[in-house]
Amino acid sequence: MIYGFIGNISTWLIRHNAIKPEDRELYEYAIYSLIITVSPLFLVILISGIMGKLCEGIVIIIPFMVLRKFSGGFHASSISLY
C-alpha cells in the first residue's frame with residue numbers, strides 16, 4: 001500500500017517535470033524515508049490529541065526521533081542469536 005502511494009507521488013512528479021524519469025528510484029527512496037521519519041510524530045500528535053495531552057506527547061516523542069536519526073543502530077547478519 002505504501003509503495004503504491006509512493007509510486008503515485010513519483011509518477012505525479014515526473015508528469016509535472018519536477019524530476020527526471022531516470023531519478024525515479026532515488027526520489028521514491030527519499031519519499032519513503034521521509035514518511036518513515038515523520039510518521040511517529042503524526043501518530044503521537046493524533047493519539048495525544050485525542051487524549052488531550054498534545055504537549056506531553058510531543059515532548060516524549062522528540063527525543064526518540066532524534067535518537068533514531070543520529071544513532072547508527074545494530075544491523076544483524078541473521079535472525080538467529082547464534
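**Close-up 1. The crossing of α2 and α3 in the predicted model.** In this predicted model, α2 passes α3 in a right-handed crossing. The two helices, of which α3 comprises residues 54–70, pack at an angle of about 165 degrees, and their axes lie 9 Å apart. Because angles over 145 degrees count as roughly antiparallel, α2 is described as roughly antiparallel to α3. On the α2 side, the residues that meet α3 are Ile36, Thr37, Pro40, Leu41, Val44, Ile45, Ser48 and Gly49. Their partners in α3 are Leu54, Gly57, Ile58, Ile61, Ile62, Met65 and Arg68.

**Close-up 2. The packing of α1 on α2.** Helices α1 and α2 pack at an angle of about 130 degrees, with 9 Å between their axes, and they are therefore oblique to each other. As α1 passes α2, the crossing is right-handed. From α1, the contact draws on Ile2, Tyr3, Phe5, Ile6, Gly7, Ile9, Ser10, Thr11, Leu13 and Ile14, while α2 contributes Arg24, Glu28, Ile31, Tyr32 and Ile35.

Close-up 3. Helix α1, which spans residues 2–15 and has 14 residues, reaches 20 Å from its first C-alpha to its last, close to the 20 Å expected at 1.5 Å a residue. Within α1, the buried residues are Ile6, Gly7, Ser10, Leu13 and Ile14. Seen down the axis of α1, these buried residues fall within an arc of 125 degrees, so they line one face of the helix. The buried residues of α1 pack against α2, which runs over residues 24–51. On the face of α1 turned away from its buried side, the exposed residues Asn8 and Arg15 are found.

**Close-up 4. The residue Asn17, after α1.** Helix α1 is followed by Asn17, a residue whose phi is positive, with a value near 55 degrees.

Close-up 5. Gly4 has its place in helix α1. With a relative accessible area of 40%, Gly4 is partly exposed, a class that lies between the cut-offs of under 20% for buried and over 50% for exposed. Gly4 and Lys53 are 49 residues apart in sequence, and the distance between them in space is 34 Å, taken C-alpha to C-alpha.

Methods:
Residues are numbered from 1 along each chain as its sequence is written. This is a predicted model: local features need pLDDT of at least 70, side-chain atom pairs count only at pLDDT 80 or more; totals for chains, interfaces and linings use all residues. Side-chain values use heavy atoms; hydrogens and water are left out. Helices (H or I, at least four residues) and strands (E, at least two) are DSSP runs, numbered from the N terminus. The expected span of a helix is 1.5 Å times one less than its number of residues. Buried means under 20% relative accessible area, exposed over 50%, partly exposed in between (1.4 Å probe, protein chains only). The arc is that of the directions from the helix axis to the C-beta atoms. Contact means heavy atoms within 4.5 Å. Axes are lines fitted to C-alpha atoms, for helices over the stretch in contact, and angles run from 0 to 180 degrees between N-to-C directions. Angles under 35 degrees count as roughly parallel, over 145 as roughly antiparallel, 65 to 115 as roughly perpendicular and the rest as oblique. A crossing is left-handed if the near helix is turned anticlockwise from the far one by less than a right angle, and right-handed if clockwise.
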